[in-house]
Amino acid sequence: MSIALSPAWNALAVHREALACTHLRELFAGDPDRVRSLSLSFDGIHFDFSKQRLNANTLKLLLELAEAAKVGEWTGRMFNGDSINASEDRAVLHVALRRPGGLDCRLGCPPFPRDDFDVMPEVLATRARMADFADRLRAGQCFGHSGVAIRSVVNIGIGGSDLGPKMLGHALRAYAHPTLAVHYVSNVDGAQLATLLPTLDPCSTLFIVASKTFTTQETLLNAQSARDWLVANLVDAAAVASHFVAVTAHAERAIEFGIRPALIFPLWDWVGGRFSLWSAVGLALMIRIGPAAFGDLLKGATRMDEHFRSAPFACNLPVVMALVGIWNSNFLGAATHAVLPYSDSLAYLPAYLQQLEMESNGKSVGKDGAPLSYTTAPVLWGELGNNGQHAFFQLLHQGGQLVPCDFIAAARADFPLPGHQEVLLANCFAQSAALAFGKTEPEVRAELAAGGAMRPEVFSALLPQKLFAGNQPSSTVLLKQLDPQTLGSLLALYEHKVFVQGLIWGVNSFDQWGVELGKALAQQILPAFDDPMLAGMLDASTLGLMAFSKVGSDSI
């Protein structure tokens, strides 16, 4: 049965009508205990959702919706290693990638997810190989073909093989190795790689090719161009074996490329790309911040995993965050969701969450193949909040569109300068308050009157322009600090939020068939550039664009 036909969904629809005319100003005025009752904290993360357009009864009804969707049962199935990715007949076990090992398992690691399906030996063995390689490279003990120590690392990947490691490499730059440079290349546009290569010394550069299939078009084209550059500069094809590493589920393809088996790190079919940064896909990140900090990242994610797995729904951060999003999208009608980090180190977080949320849940057909009668994932977008205040915040405040926001900030600066952090946090807190409470007509009248005498017609014209309706819902995620453990918890929080929302919407959050069509069409179009006989099946617009790109671009 569709969740939209359940009593829990219908009760929320009725409740929405009862709450529709209630402003956030009234919700705060009527409940002195609101902030305490609508805030949760865990492991260095404080989640204040008191500025959402809901009350205690809303939350109660949403929790009943989670029960109706059997969130607890499906969570157990995921942690048990069941094939919950039904369309691909795969388990979903990214949580295994961050489970403890090494000294944490002195007495032996218990099987996970279960006795007859234990992935931990492979996970821990790969993690140990990663740590050994990263330690040697960071210590200047990894040498290129010419005997020069590796000092630059270039990660070549796209999607999940790029976004997560790049985002965390920037977020944790306070922990970065002082002399090792780590770069990321993902775009098939030659401008990205072509401008990077001249800045590198081929004798001291290592390329990491991260592709689960080792057939990803963008990644393999960039890898081949990097290989050509290396061989041309070192004048020896054998140099590839000392300057390339692979992260893949298909070692044979990496070996054919010229990469030594000892420098190939495995992936498994139960690891989805957008959930893979905890695996060998994070090798470039481990090299940048070191195995110890990478271990703290895993520890933070594991702590959030256990919280999600065991905490009652009412105080479960991922569950509550997911339910707030369901309320905004399906009952208040929000079509978009903004992520606004107030930390320059989190600049790439919105892009990372775009893939995590929209590739996972951007679907209009349920797991049973039936069309859905409701929307699923909202369009997620965002930017550094302090920059956005001088750009798109105008629309948030006075554009008349419902745009729920996540404000994300750290209580402590990772790069402190006197007075800066206080100004940053003051702006963050002020924007969420302004969005929630706005500015009323009496307040504007008083403000204008205090400014001095004004002609009546000017007063009348200016007054409505300075009104702020408020009632824009937002949550604030306040981190203790930007350290690896806290960020590990934060990313796992969003991962589990996406999982819960997918369960409620009835979609498979772990496949991505929508990505495939464009790839397939590109493979049809590409050969047609050279052989017009192959263009017969292409649409008229594509044919016109191809023709113009060949002969007409000079006239632009």
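1. Two strands are taken as paired if DSSP finds at least two bridges between them. Helices (H or I, at least four residues) and strands (E, at least two) are DSSP runs, numbered from the N terminus. On these terms strand β1 (residues 39-42) pairs with strand β2 (residues 45-48) in the antiparallel sense, over four bridges.

2. This is a predicted model, in which local features need pLDDT of at least 70 and side-chain atom pairs count only at pLDDT 80 or more, while totals for chains, interfaces and linings use all residues. Residues are numbered from 1 along each chain as its sequence is written, and side-chain values use heavy atoms, with hydrogens and water left out.

3. Overall dimensions. The radius of gyration of the chain is 26 Å, which agrees with the value near 24 Å that a compact globule of 556 residues would have. That radius is taken over C-alpha atoms, and the globule rule is 2.2 Å times the number of residues to the power 0.38. Taken along the principal axes, the C-alpha atoms fill a box of roughly 80 × 70 × 60 Å. The chain has 23 helices and 13 strands.

4. Of the 556 residues, 50% are buried; buried means under 20% relative accessible area, exposed over 50%, and partly exposed in between (1.4 Å probe, protein chains only). Contact means heavy atoms within 4.5 Å. Of the contacts between residues at least 6 apart in sequence, 74% join residues at least 24 apart.

5. The β1-β2 hairpin. Ser39 has Asp48 of β2 as its bridge partner. Two residues lie between the strands of this hairpin, where Asp43 takes a positive phi near 50°. β2 also pairs with strand β13 (residues 474-479), in the antiparallel sense and over four bridges. In that pairing, Ile45 stands opposite Leu479 of β13.

6. Strand β8. In β8 (residues 244-248), five of the five residues are buried. Both faces are covered, with Phe244, Ala246 and Thr248 on one side and Val245 and Val247 on the other. Strand β7 (residues 205-210) pairs with β8 in the parallel sense over four bridges, and Ile208 stands opposite Val245. β8 also pairs with strand β9 (residues 264-266), in the parallel sense over three bridges; here Thr248 stands opposite Pro266.

7. Two helix residues. Thr302 lies in helix α13 (residues 291-310) and counts as buried because its relative accessible area is 13%. Leaving aside residues up to four places away in sequence, Thr302 touches Arg98, Arg99 and Pro100. Ala251 lies in helix α11 (residues 251-257), and its relative accessible area of 32% makes Ala251 partly exposed. The C-alpha atoms of Ala251 and Ala131 are separated by 20 Å, the two residues being 120 apart along the chain.
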